[in-house]
Amino acid sequence: MSAHIVLTSHPRRDASSLDIRWGAPTAKERGPLVASLTNPAHRNVIGSHSGSYAVYRALAVASGALRRDHRPDLTNTAPAVNIGPFPQWSDPDLIVSLDPWGHMVATEFAEPLAAGVDVRPTIAVTRAHINMPELKDAIAAGRLKPDGEILMANGDVRVTKAAIEPVWYLPGIAKRFGVKESALRRCLFEQTAGMFPELVTRPDLKVFLPPIGGMTLYMFGDVTRLGRPQTRIACRLHDECNGSDVFGSDICTCRPYLAHGIEVCIEMAQQGGVGLVVYNRKEGRALGEVTKFLVYNARKRQEGGDRAETYFLRTECVAGVQDMRFQELTPDVFHWLGITRIDRWASMSNMKHGALTAAGIEVVERVPIPEELIPADARVEIDAKKAAGYFSTYTPDPSELAVPKGRGLDE
Ligand SMILES: [Zn+2]
């Protein structure tokens, strides 16, 4: 490894010959996004691939396990199912937080790849079988019927899944939030402790690969039917909650609602439509799990016990805000999939619903979580959310919100 370090705070002004025209009608006209760390002359984006995992890559290089100039061999990595292109891909305002061509890099940018340019996919599409005990319960209860194609008798479900890394077009992100691009870039620079100097030194670079988690899509049914107006769509838009999703913690409704959403998706696929679960890496309302656990303690130790009326206040005391998920970027993935209407929407969040409808995506039927699926300790959360405007058939009144319903910390 050379001892020489190139600082991006004092950039070479020889701009990359690889121009980006965000929202251009074809991949070739848009141009490849190049985050090459070994050839600065090719770089036309800020940041690095793999989100926060770039730090593990650094450890791999530092420890000698990985060559710093390794380039991926993309043989046989093409999407298992074709997705797009859709007309939405060529509107620079509709998709600003992912690269719509991110799964088609190996074919669309074969020429620059062959010429030695390090272009990497930011999306991968594959197939899988999933199995959850809740789905077996749904079969046993007669709510779901195995069909041998989508749902097997043993509870296996055939899915298509896609992993998506964030790719931010900074002028579009700034516009979405109603702020100046320069102000956005400065905040990104400062809040990452100066990790990406090009945010402020290279205003000509408009695309940023942020060091955050992305999303995973689980799709049920014939994915090639996406993008047709007659295709009926069911969807659960889910933000990661490791404690509930994986470990079955009962303080919230996350896993029960996710499982219910998957049930709704399977039904839709069996009726000839497409089911979609969007799983966002936005742990603890994008506040992170440390903040989340601090809030749990504050809720359960507060005078008067864990109750809905102070649910959001306890989060605000620790985090300064109630929520950092900012659903403004939510519509992008639906535009990527060519979706203009969602027939069954398994979410009660008014913020998620508002973000979609503001982006011109119609939501026909909203499907709340069935009451019997709400764990006892999660009553605090669900009552607080309903009182704050979440979609439901019943809104609890203030006297009910004052009643402690959550377990104590040591119970
Ligand atoms: Zn949760």
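In helix H16, the residues Val-380, Glu-381, Ile-382, Asp-383, Ala-384, Lys-385 and Lys-386 are buried, where buried means under 20% relative accessible area, exposed over 50%, and partly exposed in between, with a 1.4 Å probe and protein chains only. H16 spans residues 379–387 and is mostly covered, with 7 of its 9 residues buried; helices here are DSSP runs of H or I with at least four residues, numbered from the N terminus. This is a predicted model, in which local features need pLDDT of at least 70 and side-chain atom pairs count only at pLDDT 80 or more, while totals for chains, interfaces and linings use all residues. Residues are numbered from 1 along each chain as its sequence is written, and side-chain values use heavy atoms, with hydrogens and water left out.

| Helix | Residues |
|---|---|
| H12 | residues 289–301 |
| H17 | residues 398–401 |

H13 is also among the packing partners of H16, and just after H16, Gly-389 takes a positive phi of about 115°.

Met-324 lies in the loop between helix H13 (311–319) and helix H14 (331–336), and it counts as partly exposed because its relative accessibility is 38%.

Turning to the cysteines, the structure holds 0 disulfides, a disulfide being a pair of cysteine sulfur atoms within 2.5 Å. Cys-317 is in no disulfide, and the nearest cysteine sulfur, that of Cys-252, is 20 Å away. Cys-241 is buried, because its relative accessible area is 3%.

Technical notes
Helix = DSSP H or I, 4+ residues; strand = E, 2+ residues; numbered from the N terminus. Contact = heavy atoms within 4.5 Å.
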